[in-house]
Amino acid sequence: MFLLAEIIFLFLGLWLVVSINYPAEVVQKVLMSTLPWFLGGSAVYFLTSFIILEPSWTYRIIYGIVTYGLVDLYFRASTYDQYKTLWAFILIVAVMPLTILFSGHRFRRGIK
Amino acid sequence: MLNKLSRYTIILLIVIVSALYLPDFYSVLFDKKVDTPRLDYSAVINEFVYHNYHGMGQIEFGDVAGNTYSEREYFQLLPFSYYATLEKWQQLPAEIEGFELSSKSIRKNSQYFSIKTKDIDPPSVPIYILFESESEYAQLRVPEDVFRLENTIEFIDPITNTVIEEKSDRFRQAMLDAGFAFPANIVAGNPTNRKPFDEGYFITDANGEVFQLKMVKGEPQCIKTGIDPELDIRQIFVSENLRKEFYGWILTHDNEIYLILYDQYKLRQVPTNGKNDNYAYNADEMTFRFYTYPVNRHVRIDGDGFTKMIVVGNDFEYIDEHVETWTPYDKRTASIIKQFIFSFELSTYTPEKYVKLQAEYFWPRNLLGIGLSLLALLLFSRKRPWFDYVIVLLTGVYGLIAVLLIMHEE
């Protein structure tokens, strides 16, 4: 929740700052370009907690590789507003919090 | 329950990542690179010639009749491409087909453009700059204002971020006087000052009519070009060249290409098909190149598995054509085996270089990979929840990797 509030706060702040100095077209492109980065940041947040909670090192390494692959998805643009549809990317981030439960369960059971 | 849901989420994420990366790794390891020839047409021997890089610095030079050449001989066959080197070697022929050759005359009478898939509707900010086209200075000067053009035209002062009302009104009035119907649709220009002069913007209006908008001595100049509004225009490209033959070129939704001539904005169709229609041009998959040389014009279309070249004369009269083919990616062994092993592939780039998550299913070839994965799971790893089998059934090898890595927890 706190993360979401923080992201919305930053996003609105960016909106405000950019729209003081730039016309609407530029503002729109700026926001659309940064949106995948915000999503990528959230992905890093969820997946890091997912890795840290995991007790076994083998799993941590597997999760590390998966995390790299997933986070890379959000930083594939080389120019502004290159993401055509974001729904698939938003969905992937949306399911990420669920992964922590499995790590937590294993942690509680004390698996080495 | 939640614990199970969580496990399947992790499995889903692993499937996504492996579907993104494993097919790529496989292609890097097993797909053999095909050396593709680069076609050209020699005006010296009136024959198609090519050169082909084989890696490790090995280049093969030859013509389609079967002769092979050394690098120096090859350069001499193509004086319009290698004139600078030939002049240094003092081997530039004096004339070809009545045209006197010199570096200067060739440069003055040559022009080149290409249409790549990533040039069509690229990501862009719809804010434009309008140069003064009859400037007092030798170079084009980047103007101090920018404009937006959609439901109306508005010039914006970037320093204060406010609309310049007076200038906007003048330009809006000039466009309305020329018969422009807002909103504007396609706005095509060449926003760089590294060009010899400025021809402004080519704009299509709500009715599909094409207008040219320029600024001459600070005053707007909007001209209705009279280009057929029925022409299903997909993109307009503008490129100023001192040859002053055409303003730019038009790509239509039917994959036809037209030049916009200086002669009263008449259109001239560039041939994309020669005498036969095979290997037809498709702007979403192929690269189109158009070369104008002093004695002829070349059209080259490069796609997956072929390169096609059509040579026409200065007045677009047909001269010759040639197609070189090789095995396209989909028909190569490595690519076919890939479709048997992996059930589907995820990719993130569209041909236009946008980022979008898209899946390609290898139906029905993927049945083999899915069947083998299921069999492996049944034989070697019994006693697992039934949903694991569903996952493998749906995703094949990726699912197998995921369910084996992430063990089931009671």
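Q: What does chain B average in pLDDT?
A: This is a predicted model, and chain B averages a pLDDT of 91. In chain B, 100% of the residues score at least 70.

Q: And what are the ipTM and pTM for the model?
A: The ipTM is 0.94 and the pTM is 0.88.

Q: OK, the contact between the chains. How many residues does it take from chain B and from chain A?
A: Chain B puts in 29 residues and chain A puts in 30 residues.

Q: Which elements of chain B give two or more residues to the side that touches chain A?
A: Those are helix 1 (2-30) and strand 24 (355-361) of chain B.

Q: Which one gives the most?
A: Helix 1 of chain B does, with 14 residues.

Q: How do the residues on that side of chain B divide into nonpolar, polar and charged?
A: On the side of chain B that touches chain A, 19 are nonpolar, six are polar and four are charged.

Q: New topic. What is the order of strands in the open sheet of three strands in chain B?
A: The order is 8-9-10, and the pairing is antiparallel.

Q: Which strands stand at the edges?
A: Strand 8 (146-149) and strand 10 (162-163) of chain B do. Each has a single partner strand, so one side of each has no neighbour in the sheet.

Q: How many bridges join strand 9 to strand 10 in chain B?
A: Two bridges join strand 9 (residues 153-157) to strand 10 of chain B. In one bridge, D157(B) is partnered by T162(B) of strand 10.

Q: Which helix packs on that sheet?
A: Helix 5 (residues 165-177) of chain B, which touches strand 9 and strand 10 of chain B. The direction of helix 5 makes about 155 degrees with that of strand 9 of chain B.

How values were computed
Residues are numbered from 1 along each chain as its sequence is written. Chains are lettered from A and ligands numbered from 1 in the order in which they are written. This is a predicted model: local features need pLDDT of at least 70, side-chain atom pairs count only at pLDDT 80 or more; totals for chains, interfaces and linings use all residues. Two strands pair if DSSP finds at least two bridges between them. Helices (H or I, at least four residues) and strands (E, at least two) are DSSP runs, numbered from the N terminus. Two residues are in contact if their C-beta atoms, placed from the backbone, lie within 7 Å. Axes are lines fitted to C-alpha atoms, for helices over the stretch in contact, and angles run from 0 to 180 degrees between N-to-C directions. Ala, Val, Leu, Ile, Met, Phe, Trp, Tyr, Cys and Pro count as nonpolar, Asp, Glu, Lys and Arg as charged, and the others, Gly among them, as polar. pLDDT is the predictor's confidence in each residue, from 0 to 100.
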